[in-house]
Amino acid sequence: MGLTQRTLSFLSFTLLLLLISITTMAERVPEKKPDQSSSSSTSSESESAVHIVYVERPQDMEPEAFHIQTLASVLGSEEAAKEALIYSYKTAASGFSAKLTPQQVSLISKLPGVLQVVPSRTLQLHSGPGRLH
């Protein structure tokens, strides 16, 4: 195996690890803050899951501000929206990921500018370091 092939294999493997890391980071949900008591959690919180909300690209404001505003209209406050927001997608797609209950998904789906709401999921790659071509 020449130096070039070894380098290419190493770079491919590194890229694969990077993609897995990014997917894992997108799935993470902020931990509960210490000042929040466990008695404040409701049954609807236990039903919440991470969803990706695709929206039209905002024309008159920054994307993240638009994402927070959209979430706040369903969650009741900007503060709650900032806590629920996991990631804002601004480059290849316009949208955000947030932890939402089924009722919140139903409400946010009906808002103007919201194109689609889908559950976030982790996909397994079918190739590995031994199968790179």
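The following dialogue examines a predicted model of a protein.

Biologist: What pattern does the protein follow when it is read along the sequence?

Modeller: The protein contains 5 helices and 4 strands. Read along the sequence, these elements follow the pattern α-α-β-α-α-β-β-α-β.

Biologist: Which element gives the most residues to the largest nonpolar core?

Modeller: The largest nonpolar core has 18 residues, and Val53, Leu71, Phe96, Leu100 and Ile108 have the most contacts inside it. The elements that give two or more residues to this core are β1 (49-55), α3 (63-75), α4 (78-84), β3 (95-100), α5 (102-109) and β4 (114-119). The element that gives the most, with 6 residues, is α3.

Biologist: With which residues is valine 53 in contact, leaving aside its neighbours within four places in sequence?

Modeller: Val53 is among the residues with the most contacts inside the largest nonpolar core. Once its neighbours within four places in sequence are left aside, valine 53 is in contact with Ser94, Gly95, Phe96, Leu100, Val114, Gln116 and Val117.

Biologist: How are the rings of tyrosine 87 and tyrosine 89 arranged?

Modeller: A search of the whole structure finds 1 aromatic pair. The ring centres of tyrosine 87 and tyrosine 89 are 4.9 Å apart, and their planes stand at 65°. Planes over 60 degrees apart count as edge-to-face. The pair formed by tyrosine 87 and tyrosine 89 is therefore edge-to-face.

Biologist: Is tyrosine 89 buried, partly exposed or exposed?

Modeller: Buried means under 20% relative accessible area, and exposed means over 50%. Tyrosine 89 has 24% relative accessibility. Tyrosine 89 therefore counts as partly exposed.

Key:
Residues are numbered from 1 along each chain as its sequence is written. This is a predicted model: local features need pLDDT of at least 70, side-chain atom pairs count only at pLDDT 80 or more; totals for chains, interfaces and linings use all residues. Side-chain values use heavy atoms; hydrogens and water are left out. A nonpolar core is a set of buried Ala, Val, Leu, Ile, Met, Phe, Trp, Tyr and Cys residues joined through side-chain atoms within 4.5 Å. Buried means under 20% relative accessible area, exposed over 50%, partly exposed in between (1.4 Å probe, protein chains only). Contact means heavy atoms within 4.5 Å. Rings of Phe, Tyr and Trp (its six-membered ring) pair if their centres lie within 6.5 Å; planes under 30 degrees apart count as stacked, over 60 as edge-to-face and the rest as tilted.
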